[in-house]
Every structure is written in structure tokens, then in C-alpha cells.
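These are my notebook entries on the model. I set down what I looked up, topic by topic.

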Amino acid sequence: MRPPGFSNFFLLASSLLFAGLSAVPQSFSPSLRSWPGAACRLSRAESERRCRAPGQPPGAALCHGRGRCDCGVCICHVTEPGMFFGPLCECHEWVCETYDGSTCAGTCHCGRCKCDNSDGSGLVYGKFCECDDRECIDDETEEICGGHGKCYCGNCYCKAGWHGDKCEFQCDITPWESKRRCTSPDGKICSNRGTCVCGECSCHDVDPTGDWGDIHGDTCECDERDCRAVYDRYSDDFCSGHGQCNCGRCDCKAGWHGKKCEHPQSCMLSAEESLRRCQGSSDLPCSGRGKCECGKCTCYPPGDHRVYGKTCECDDRRCEDLDGVVCGGHGTCSCGRCVCERGWFGRLCQHPRKCNMTEEQSKNLCESADGILCSGKGSCHCGKCICSAEEWYISGEFCDCDDRDCDKHDGLICTGNGICSCGNCECWDGWNGNACEIWLGSEYP
């Protein structure tokens, strides 16, 4: 006879033993072989499944390719004892992938970087723990990027209207005005080649020589890499050696054409004869307003009917004021000169011949801040200064400006592509640069 309760005890012990075996990892299966060397009780497919990393399809590497599968259990390679370990040989004893020349900015654990976030902030992260957003904390406010931006991998990206390493400085202009100033002619912020900071573009390219980089311009609109057949920032081989790079566009020499002046042009004329025909009575080929090709001028901007003539000698833009009004609305333009209606005179027909004010009233309006009439360089008519014609370069409301102060290019003030306004070039549509020498239009001759 069995003692009372023996059956119940036996059932309880069996249940506990079964539960204990179920808790053992699947890679540890001492009962899968009846004795050493005996056949495996698992099928081959089930054995390999247990040796693959979770989620890996059939046929994938077993034991991470660092060991062999023995009846569902990984036996790691022993050629270098202790180097690989883990249930699936997934751990490497000492190697973490390197970043920036150093191995793991945190603690290397099982081949992976474990970042130091003991304070629970989670500000140190990254595959190599290379990102430390604690660098973005403002010392005064103790906020990330001063509360005016977002931090990514230790760098602050400021909201509109703020700048600085930690977005600590506020712009003195509105975000709208900042965006407007940074918008390039094609409608992009800094031409997608720079960063807008308080209305000024900081172009991404930096020339180590300290001169202009390959990307420049007020809105980073010029990319001179486009002028090179093969890009090499330290090479001066612009436009295949047959032209000049003008804001990323090649202005080819006579006898060459193509986007990068790479194609020779067949022309029966010599270079000297071609230039002579394009020059005419002007000091410059095509009057400085076009391109000379085989003795013929192509005026630019392309399609602008205001510039015309055999040698581009006529420029009706010269009849316009800064607001674009032709001959002050009191005359017509003929080859760049205003023909005034009766009762009006002046270079832009801006002066009426009859005056409805006294001489005293007129003089009061013509006196500059220092009390001198028209700065001593002109005469007063009906409250407006008429600057001396003998000194062509004198201009301005009180004849106080010197147009010789405006930048020149190819010997022309504002390159002939703008109006000199008191020492500064006001460029016509499509042109840019201090001397209006940069063409930004979609077409180029």
C-alpha cells in the first residue's frame, strides 16, 4: 500500500518539473538527445529555426555565422576561445563598430554601444552614442536651444527669427522680412545652397583661400561648379579654358560655343575681323550689351526688345527712371534717348518749361542740407536741380552724387545693365551683382 497523499505528491512534482523545463531557453535542450552521440529528436528544420536570429527567414545564417548548429543549440567558434558568445553567438567580446576614430562613446556591451543616460534624460544617443544633445542646453535658461529651436545630434536648428549656437539671439527684423531678403530670383531660400540668418545668406561653400567660394552671391545664386567640365574645386579650368564664368554660366570667347564652351565654332572670318564688325563705332564689342559671334551681335537679355541695333547700340532702358516710367511720361524713347513733348525738357523729360512758383520758393526746394544751392554743381529750375552737363557723372536730387562711385565691369558703369543711383547700381530685371554683371535669367546668349 502507498502512503496516503503519495499520488497527489507525485502529480505535483511532475507538474513542477514540466514547468521548469518549459522555462529553459530553447537553445538549451539537454533532453533533445537520449545520450551523447544519439540522434537529435528535432527535425532539421526545427533545429535550424532555433539557431537563427528571430525574424530571419529560412536559409539565413545560423548562429549569426559565428558558430555551428547542433540539434537546436549554437556552439560558437572556438578557433579564438571566448571571442563569440551568447545563445545565438550574437555577442562579440570586445568589438563595437568605430565612429570618428574611436570605439563607442558609451559602454561596449555585446558588440553594441550602450549610452550613458544614468539621469534618464535620454539626451545621449546614436549607434555609436555619438549624439549628445546636452550640448544644446542653454547655460542661462537651461532649456534645449533656449526654447527657440530643436536639437539634433548636438546641434540647434533655430526657429524663424532666432539664431546663434543655442538660438539665444533674436533677429532685429521680422521672420517675413528675413525670408524675403534671403529669397533668390528663382523663389528658393538662399537658392537651396545656404542658410538664412536674419536676412543674410550664409552659403554652404567656404573657400579655404578666403576668397569667394564656388557658391556665392547675396542669395547663393551663383554656383561656379557649373562652369567646369569636371569638378575640381582647386582647378581654375573654367569653361574649358575658352570663356569666362559669370555666376555659373559660361561666357564663351569668339570662336567657341556650348554650355561650357567646349565646341569650336566654324566661322570664315578671322577673330580680328569678327571683332571689328561687332564693334562698329563703339569702344566695346556689341556696345557691351551683347555677344559677338562670327561678326554678328546677339543682344541680351535674350528677347528684350529694348536692346537692339546691329551692334546693340540702342538701349531704350536708358529712357526709364527707377520706377520704370519711360521719359517721365512726357516723351518717347528713340534708341536710348528721350524725345520730349512740347513743354518738357531734361534727359528723362522730367522738367516742365513753365513754373508756377516764385524764384524764392524754387530756391528753397533746391537747397541741400548745408544750405548750398544744388551743392554748387547745378542750377535750380522750378524747385528741382538740373546738374551740370559738363560733369556727366554728377547726379542726385541735389547734385550731390558722383556716378563714378558706381562699380564698373568691362569699362561700363553698372555694366550697362542698370542705373547708377547715388553711388549704387540699381540693376534691371534679370541682372545682379555690385556692377549688375551677373545675368540670372533662364536663358543666356
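This is a predicted model: local features need pLDDT of at least 70, side-chain atom pairs count only at pLDDT 80 or more; totals for chains, interfaces and linings use all residues.

**Entry 1: confidence.** I began with pLDDT, which is the predictor's confidence in each residue, from 0 to 100. For elements I used DSSP runs numbered from the N terminus, with helices (H or I) of at least four residues and strands (E) of at least two. Residues are numbered from 1 along each chain as its sequence is written, and side-chain values use heavy atoms, with hydrogens and water left out.

I noted an average pLDDT of 78 for the chain, with 82% of the residues scoring at least 70. Over residues 1-31 the pLDDT stays under 50, and the model has 11 contacts for them beyond four places in sequence. Residues 208-212 also have a pLDDT below 50, and this stretch has 3 contacts beyond near neighbours in sequence.

**Entry 2: the chain as a whole.** I found 5 helices and 40 strands in the chain. Of its 445 residues, 33% count as buried; buried means under 20% relative accessible area, exposed over 50%, and partly exposed in between (1.4 Å probe, protein chains only). Of the contacts with a separation of 6 or more, 28% are between residues 24 or more positions apart.

**Entry 3: annotated domains.** From UniProt, in an unreviewed entry, I took the feature "domain: EGF-like" at residues 135-168, 181-221, 226-262 and 318-350. The positions are in the numbering used here, the feature names are shortened, and annotations may be inferred rather than shown by experiment. I examined two of these spans. Residues 135-168 are 0% helix and 29% strand, with end C-alpha atoms 14 Å apart. For residues 318-350 the end C-alpha atoms lie 14 Å apart, and the span is 0% helix and 30% strand.

**Entry 4: a pocket and a cavity.** The search used a 1 Å grid over the protein atoms alone: a cavity is a set of points where a 1.4 Å probe fits but cannot get out, a pocket is an open set with protein on both sides within 12 Å along at least five of seven lines, and lining residues have an atom within 4 Å of a point. Grid points are joined across faces, edges and corners, and a volume is the space filled by probe spheres set on the points.

I recorded a volume of about 700 Å³ for the second largest pocket. Its lining has 28 residues, of which Q244, D251, G290, Y300 and D410 lie nearest its centre. The elements giving two or more residues to this lining are β19 (243-246), β20 (249-252) and β23 (290-293). β19 gives the most, with 4 residues.

I counted 1 cavity of 30 Å³ or more. The largest cavity, of about 30 Å³, is lined by C252, K253, A254, G255, W256, Q265, K291, C292 and E293. β23 gives the most to the lining of this cavity, with 3 residues.

**Entry 5: D400.** I located D400 in the loop between β33 (394-395) and β34 (401-402). Is D400 buried or partly exposed? D400 is partly exposed, because its relative accessible area is 47%. Leaving out residues up to four places away in sequence, D400 touches S375 and S395. D400 and K377 are 23 residues apart in sequence and 7.9 Å apart in space, C-alpha to C-alpha.

Methods: Contact means heavy atoms within 4.5 Å.
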